[in-house]
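Subject: Structure handover

Hello,

Here is the structure for your files. Please open it alongside this note.

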Amino acid sequence: MSFTLIQQAKARLHRSELAVPGSNPTFMEKATSSAADVIFLDLEDAVAPDDKEKARTNIIQALNDLDWGNKTMMIRINGLDTHYMYRDVVDIVEACPRLDMILIPKVGVPQDVYAIDVLVTQIEQAKKREKKLGFEVLIETALGMANVEAIAQSSKRLEAMSFGVADYAASTRARSTVIGGVNPDFSVLTDKDEGGNRQTHWQDPWLFAQNRMLIACRAYGLRPIDGPFGDFSDPDGYTSAARRCAALGFEGKWAIHPSQIDLANEVFTPSEAEVTKARRILEAMEEAAKAGRGAVSLDGRLIDIASIRMAEALIEKADAMKG
């Protein structure tokens, strides 16, 4: 390990992140009984300009009056380039002790996070707020992706990053067919076989961006979260996208519709088989250590100290979900 040690962000269960428009009190009330780990009440893209102020009032009432149980509660504020943002932060943070986190959209440079940090810190000091708010940032522009490593180090409040695929596609001028989906043109054509036939293999156009954000998160102790999958009538497509991210090392995924919550929770919860294998790895390594060996084989495969770290991380996640 490097001599440079990075402090990990506050641990939270973050398999599913449900987006709920602040302009719809009925949706917010229904969300209280959902199985989502994290809920963000939206003031940005899901709310029309004429409804921004009313949505702010709705969210304050919902956070203060509804029973959200042990869910992590978050608001998505409007962008720093709008005149709505400062009132989003001031009005809601001052009035809502139940609030846990703020989701900052379209972050392009570390200074964007710094600006919100300054404002929130002053409010917490003025109101003697006991619970320190955490931040999640949306990486959804080419500028944000170009600066993702610096953004990951921008604030001690920062806990997580989400990949906002729709605005990212617009920012990079990608030819996207659906929010979070794939495109048949992003594919590889094989060479001809003996019969002159060729096969087409579809690729994931978002893999590079997701992987870059993931690495920045893991390097600096943050939770990487995948963003929306727009076609909520396609559970198979959503599950496939979630599994790809889970395989990379993501902690969870957005749900823009209640039907996607259980899918996310299932994908990002380690299976019993995975947990059992991880425990067997630890047991085998413990026996090897007693025998003075640094590595051992299990089921015909080599396991070593790196195997222990992976097994411990998986078991830690599984135990947290049980809790």
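Below is what was found, starting with how the model was handled.

This is a predicted model, in which local features need pLDDT of at least 70, side-chain atom pairs count only at pLDDT 80 or more, and totals for chains, interfaces and linings use all residues. Residues are numbered from 1 along each chain as its sequence is written, and side-chain values use heavy atoms, with hydrogens and water left out.

Domains first. The protein chain splits into domain 1 (16-269) and domain 2 (274-321). These bounds come from an automatic or database domain assignment. The domain centres, taken over C-alpha atoms, are 33 Å apart.

Next, the barrel. It is closed by 8 strands, in the order β1-β2-β3-β4-β5-β6-β9-β10, with parallel pairing. On average, neighbouring strands of this sheet are turned by 25 degrees against each other, direction ignored. (Axes are lines fitted to C-alpha atoms, and angles run from 0 to 180 degrees between N-to-C directions.) Strands are DSSP runs of E, at least two residues, numbered from the N terminus. Two of them pair if DSSP finds at least two bridges between them. Strand β1 (residues 16-21) and strand β10 (residues 252-255) run parallel and are joined by 3 bridges. Glu17 stands opposite Trp254 in β10.

Last, the cysteines. How many disulfides does a search of the whole structure find? It finds 0, where a disulfide is a pair of cysteine sulfur atoms within 2.5 Å. Cys217 is in none; the nearest cysteine sulfur, that of Cys245, is 12 Å away. That is too far for a bond. Cys217 counts as buried because its relative accessibility is 0%. Cys245, at 1%, also counts as buried. (Buried means under 20% relative accessible area, exposed over 50%, partly exposed in between, with a 1.4 Å probe and protein chains only.)

Best wishes

Definitions and conventions
Helices (H or I, at least four residues) and strands (E, at least two) are DSSP runs, numbered from the N terminus.
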